[in-house]
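Visitor: I'd like a close look at one part of this structure, going from the overall picture down to individual side chains. Could you pick a part and walk me through what surrounds it?

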Amino acid sequence: MSTARPTTPSDSSQPEGSSAAPTRPRMRGIGRVLVIVYAVMALGATGRSFVQIARAFDQAPLAYTLSAVSAVVYIVATLALIWSGRPGWYRVAWVAIVFELAGVLIVGTLSLTHPALFQHQTVWSQFGLGYVLIPLFLPMAGLWWLGVHRPSGRVPPAAPQEAPA
């Protein structure tokens with residue numbers, strides 16, 4: 001008599017006899033949209049910072065360095081969200097998105113209270129106003145999504161083995 005458990009789509013990527021916990025598909029619905037928006041922000045911030053640094057870095061080094069930092073943060077956050085079901089990447093996603101939120105709030109506030117620091121716009125200036133405030137709301141959505149989609153740390157019980165006859 002076989003006591004095999006039914007398989008799910010998330011189990012199909014597990015090698016036979018693997019003791020690793022099955023991972024549920026994470027990139028559905030809002031998770032997929034979130035990753036796409038992060039990827040678009042990563043491309044936009046990377047392109048913006050590359051052009052700014054190549055053309056006129058000496059005019060606003062702080063602003064252009066912050067644009068490059070935001071690009072790196074968006075790239076890391078995108079990759080970490082994609083792989084957040086894997087060990088370690090969930091924590092990387094949290095760190096990247098919390099850093100992003102802190103950056104948006106700090107740079108956004110300073111760009112309004114001390115405009116002389118930012119002679120030119122950054123991705124996070126004025127809380128991302130140049131990007132329709134997406135940089136302000138994106139990390140909030142990312143943190144919410146991570147909170148709702150915590151990876152399970154449970155290992156499923158092993159299927160009972162039949163005694164050799």
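Guide: Of the protein's 165 residues, 35% count as buried, meaning under 20% relative accessible area, with exposed being over 50% and partly exposed in between (1.4 Å probe, protein chains only). Keep in mind that this is a predicted model, where local features need pLDDT of at least 70, side-chain atom pairs count only at pLDDT 80 or more, and totals for chains, interfaces and linings use all residues. Residues are numbered from 1 along each chain as its sequence is written, and side-chain values use heavy atoms, with hydrogens and water left out.

The protein has 4 helices and 0 strands, taking DSSP runs numbered from the N terminus (H or I, at least four residues, for helices; E, at least two, for strands). In sequence order that reads α-α-α-α. Take contacts, meaning heavy atoms within 4.5 Å: among those between residues at least 6 apart in sequence, 66% join residues at least 24 apart.

Now for the helix itself. Helix α2 runs over residues 61–82, and its 22 residues should span 32 Å at 1.5 Å a residue, which agrees with the 32 Å between its end C-alpha atoms. (The expected span is 1.5 Å times one less than the number of residues.) Its buried residues are A63, Y64, L66, S67, S70, A71, V73, Y74, A77, T78, A80 and L81. As background, an α-helix has 3.6 residues a turn, so residues three or four places apart point the same way. The cover over the buried residues of α2 includes α1 (30–56), α3 (89–113) and α4 (134–148).

Zoom in on S70, which lies in α2 and counts as buried because its relative accessibility is 0%. The S70 side chain reaches the backbone oxygen of S67 at 2.7 Å. Setting aside residues up to four places away in sequence, S70 touches A45, V123 and W124.

W124 is the one to follow next. W124 sits in the loop between α3 and α4, and 3% relative accessibility makes it buried. Beyond its neighbours within four places in sequence, W124 contacts S70, V73, Y74, F99, E100, G103, V104, V107, G108 and P135. With Y74, there's a side-chain to side-chain polar contact at 3.0 Å; that term means a pair of N or O atoms within 3.5 Å, and within protein one must be able to donate a hydrogen and the other to accept it, with sequence-adjacent residues counting only if both atoms are side-chain atoms. W124 and P135 are 11 residues apart along the chain, with 6.5 Å between their C-alpha atoms.

H149, in the segment after α4, is buried because its relative accessibility is 19%. Its C-alpha atom is 9.1 Å from that of S84, 65 residues away along the chain. V33, in helix α1, counts as partly exposed because its relative accessibility is 45%.
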